Amino acid sequence: MDKVAEAADAVAAASTAGEVVRAIHAVAVLLFPVDSATVAGTVDEPFRSQITSVVSLTHDERESWRRAFYHGPAFPTMSKILLGNIALKWLRQICSSTRKEIYDSFFVRGPPTEVIQALVPALSQNEGSKEDHNIFCLNIERILVLCLIENKGVCQIVEEFTFSNKQDDGILNPEKSTFISRVAQLLASIPDKATTGAVSALTSSSFFKSVVSQLLVRAEEAVIESSADKDGNEQGVLSPVFLFVGQVLSRISRRGSTGVLVAELIPMIRNHLQRCVASDRKTIIPDMVKNVSQSRFWFNVVESLRDQHSIERLTEEMLRQLASQHISDEEAYWILWTLFNQSIMHMTVMRAMFIDKFLLWKTFPLCCLRWILHYAVFEFPPNSVMETQIQKTSNFIVTVQTLVSVWSKKEFVQSYSVEQQAYVTAAIGLCLENMSKRELEMTKDVLNCILQGVTCRLESPIDLVRKMASAVALTFSKIVDPKNPLYLDDDCSENVDWEFGVLSPKRTKAPSHDVELGSKSKPCSRENRRHAGEKKAKAIRHDISDNRVKIVEIKSLDSDEMSGAATNLGEHCDEESMDIDASSDSSLEPYDLSDDDTDLQKNFTHLSDLAAALRKPDDLNGVERALSSAEKLVRASPDELRHNSGDLVQALVHVRCSDAATEGEEDSAEEKRQKALVALLVTNPFESLDVLTKLLYSSSVDISQRILVIDVMTEAARELAETKIINKQQRYGNLISDTSPSWLVPSDRGPLGASPWREVSEPGSLLSWSHRYEREVPSRSGQVKSGKSRKWGLRKAKDLQVEGSKNKFPLYAAAFMLPVMQGYDKRRHGVDLLNRDFVVLGKLIYMLGVCMKCMAMHPEASALAPALLDMIRSREVSQHAEAYVRRSVLFAASCILIALHPSYVASTLIEGNQDISTGLEWIRTWALQIAEADPDTECTSMAMNCLRLHSEMVLQTSRSLESAEHSKAGSRALSSKLDNIIIPFANMM
């Protein structure tokens, strides 16, 4: 300590770098070998002679000085001098070779545990000015890289703990445990304390990669050395090593670098397993691994962590990285067995982590699920020759019962994400594939739970959920009766794909099984309607267009096509009603009697006959012919349509297409019925809607017919709201005769060579309320560009090609929406939309959203939006347990945001109307809740899209208000209101 005090006084009084070098050298030469000649060559006299005259000590003398220096108060004091005064004032003036010999050596050649305790806390100190602080920190960071990375300081720490515990007879006292934890904490905190401009070696990924590599390699070597020492206490010697390894790995994992840790661990454990396999063997057995000395380290490395959270993160990350590397199932099994077998036997929480958390709460790729099941549930490696001979353990039976019990609950289907449901379903399927019929009979309530789970999934409108039920039912039936497998889906194959498209390692998001908003609906069979509605509605997903003005373009017949259909049908009817004795060449040909029934079947010409034929279930051919003729006859718009549309609607809704159609052609009959109903709604909306809306909640129809009613209303709304671009060519010609001039005709005066005036029609309309004239004029002298026509009239000239759109739906919007929004929450005989018939509720809300979108930017949207907002805001609807309904509500909310004109929202704010603003605020807050907490992936993505639309609405509304504020000077009444207007919910912008 006296030598350190002398050096401190000399440094404080120094005026040249030579004095500082001499003072440091006087202490350094006592601790480690120093090349005094090299150091002396870098300074001037008299310091050179003073350095060379110092007597070198023997090795034993230096070791005595070294122990006293580093394990007492001398080194902390000396480190402050070296890092403070010397680093800030003199270090830049000292030669690099001298700095390496007498400055860096204090840290590089010292015990790394003491060096870390001196360097790392110093990083948090503030040294005067910003420049001094940067110099101070950069020097410390340089020394840390030098000591820990370039000089393998972590390996030295492991050696130090191993050696010190040998001297203490293998006793790990509490004081020593605290010291080890302190060193591990300082080591793991270095990347966090490093400055922003630190070298790349101190970033988390690079630094922890080096630390983990050194730690695992040296700890494994320590185990080998301890195993070779027959006289030593192996357990006692290794206890501080395992404590330090566990502490460092836990802290690295806690700091978010588990991926770096696992990336270093996997290659090492794989190399170790390759060493365990004998050259004449292809497979691994437990005794092979146990007989290798290094296995002792790998058996204890996970148990040494002692932090369950870190263990879970490490295990989860390791499974995912193994899956991304596509290693074999057998190798993955033995990796898990080597790392976790000892801890899973001693710690109940480890088994609970694999069976409870990793099977019920987490979601892994399918290959990881197989590894978990083989290791923790089956308890034998995959592809084992004894796999079929091993008796299943009680743990296996209990796990299957637990999985099936959870899977069977309806709340599990409603509250968990589709990915989690697919994961648990795959776990059950893989377990069932490894069960025999006798083992199945030994389980309790498995049969009932499987039947219950299959039933509740078959009722889901989401196609993927129904596929899960079909897969489990097929696997279960193979156990009960292998010769008669049960196929609940036409797409089922003998070998079930348990990935379901969502459990692949490369997929991070569940695929969407939904239909686009603008797609045409497809017919579906009655059986499918009973379970989920149409096949095309696997789930509801709605592609919201970025353009708020245009509606999705729906393909349908235009007026010309409809008139053409009417003409063709009329000609066809006339031919049928012709006198068979009319004089023609064809009438003289012999009549073909080979198929009397076909020739005698006449097409329907009256709607009343059509409705009557549909009500004759005993005449199946007549019903089939009526369905084939219905759409064409309706679109021909006969005079009787207005009086017979209601009766025909009822007949079409109640007809049983599955009974009338030929086997295998049920979908075709359903499609004809649906098209006929759509035609009725388009050609005669009010009368047809009056009947359909009453049938929707009638007790005389079943769920498939209710879904049919909603589907045809959706398609009819789209067809009525079709967006059609109309290109019209302007007509040229003299619409005003020369013999009857008008005062509107322009004067003939003009430049020489000008053509006479001619009237042109008004673009965009066949009926023009104003006159417009134009003529060609010659170019002026010196003008290179050809002249343009000058137009004169009451309006500004437009292009020759104009665009127009027509939308018939707003006229009928109220008739479509208001009746079906009344009574949806009432429970009556055969109708329970909020609970049992949630599929109907979801499709109803979807239809209402389509209606809103079909009248976007029209005044009717502003009038009907509050009623729809009131409906979807109700707790029973917006907080519905089924994701299918929540998706529909999100779609309807998005359609409202698209349909409302920003100027209307601005006017409601100016007038103080709170209905719309309150509804829009509810959409924002509810969408935020869904985006943050909803278990359904599709709901969260739709909620984010809804929030985007809301922010766009706020932006457009603010612009409308700004425009109104600029014009308020001309209106005092408006000014008084605009002064205090604050746009609500503008924080979404």
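**Confidence**
- Residues 507–588 have a pLDDT below 50, although the model gives this stretch 152 contacts beyond near neighbours in sequence.
- Over residues 969–989 the pLDDT likewise stays under 50, and here the model has 34 contacts beyond four places in sequence.
- Where pLDDT is low, predicted coordinates should not be read in detail.

**Nonpolar cores**
- The largest nonpolar core holds 179 residues, of which Phe106, Phe107, Phe244 and Phe340 touch the most other members; helix 22 (residues 366–378) gives the most to this core, with 11 residues.
- Leaving aside neighbours within four places in sequence, Phe106 is in contact with a set of residues that includes Ile24, Val27, Ala28, Leu31 and Phe32, as well as Phe69, Tyr70 and Phe75.
- A second, separate core of 108 residues has Phe604, Val831, Leu890 and Leu947 among its members.

**Aromatic pairs**
- A search of the whole structure finds 29 aromatic pairs, and one of them is the tilted pair of Phe364 and Tyr423, with 6.3 Å from centre to centre and 55 degrees between the planes.
- Because Phe364 lies in the loop between helix 21 (348–361) and helix 22, while Tyr423 belongs to helix 25 (residues 418–433), this pair ties together parts that are 59 residues apart in sequence; both Phe364 and Tyr423 are buried.
- Trp922 and Trp926 form a stacked pair, because their ring centres are 5.1 Å apart and their planes stand at 10 degrees.
- Trp922 and Trp926 are 4 residues apart in helix 45 (residues 914–933), which means that about one helical turn separates them; Trp922 counts as buried at 14% relative accessibility, as does Trp926 at 2%.
- Ring pairs also link Phe299, Tyr333, Trp334, Trp337, Phe340, Phe354, Phe358, Phe364, Tyr375 and Tyr423 into a cluster.

- Thr315, in helix 19 (residues 308–324), counts as buried at 0% relative accessibility, and, not counting residues up to four places away in sequence, Thr315 touches Phe340, Met353, Phe354 and Phe358.
- Ala676, in helix 36 (residues 666–683), is buried with a relative accessible area of 0%, and, with residues up to four places away in sequence not counted, Ala676 touches Ala630, Glu631 and Leu652.
- The C-alpha atoms of Ala676 and Ser629 are separated by 8.7 Å, although these residues are 47 apart along the chain.

**Backbone details**
- Most residues other than glycine have a negative phi, and most peptide bonds are trans.
- Glu45 and Pro46 are joined by a cis peptide bond with omega of about 5 degrees, and Pro46 is found in the loop between helix 3 (36–40) and helix 4 (47–52).
- Arg306, in the loop between helix 18 (295–301) and helix 19, has a positive phi near 65 degrees and counts as exposed at 69% relative accessibility.

Conventions: Residues are numbered from 1 along each chain as its sequence is written. This is a predicted model: local features need pLDDT of at least 70, side-chain atom pairs count only at pLDDT 80 or more; totals for chains, interfaces and linings use all residues. Side-chain values use heavy atoms; hydrogens and water are left out. Helices (H or I, at least four residues) and strands (E, at least two) are DSSP runs, numbered from the N terminus. Buried means under 20% relative accessible area, exposed over 50%, partly exposed in between (1.4 Å probe, protein chains only). Contact means heavy atoms within 4.5 Å. A nonpolar core is a set of buried Ala, Val, Leu, Ile, Met, Phe, Trp, Tyr and Cys residues joined through side-chain atoms within 4.5 Å. Rings of Phe, Tyr and Trp (its six-membered ring) pair if their centres lie within 6.5 Å; planes under 30 degrees apart count as stacked, over 60 as edge-to-face and the rest as tilted. pLDDT is the predictor's confidence in each residue, from 0 to 100.
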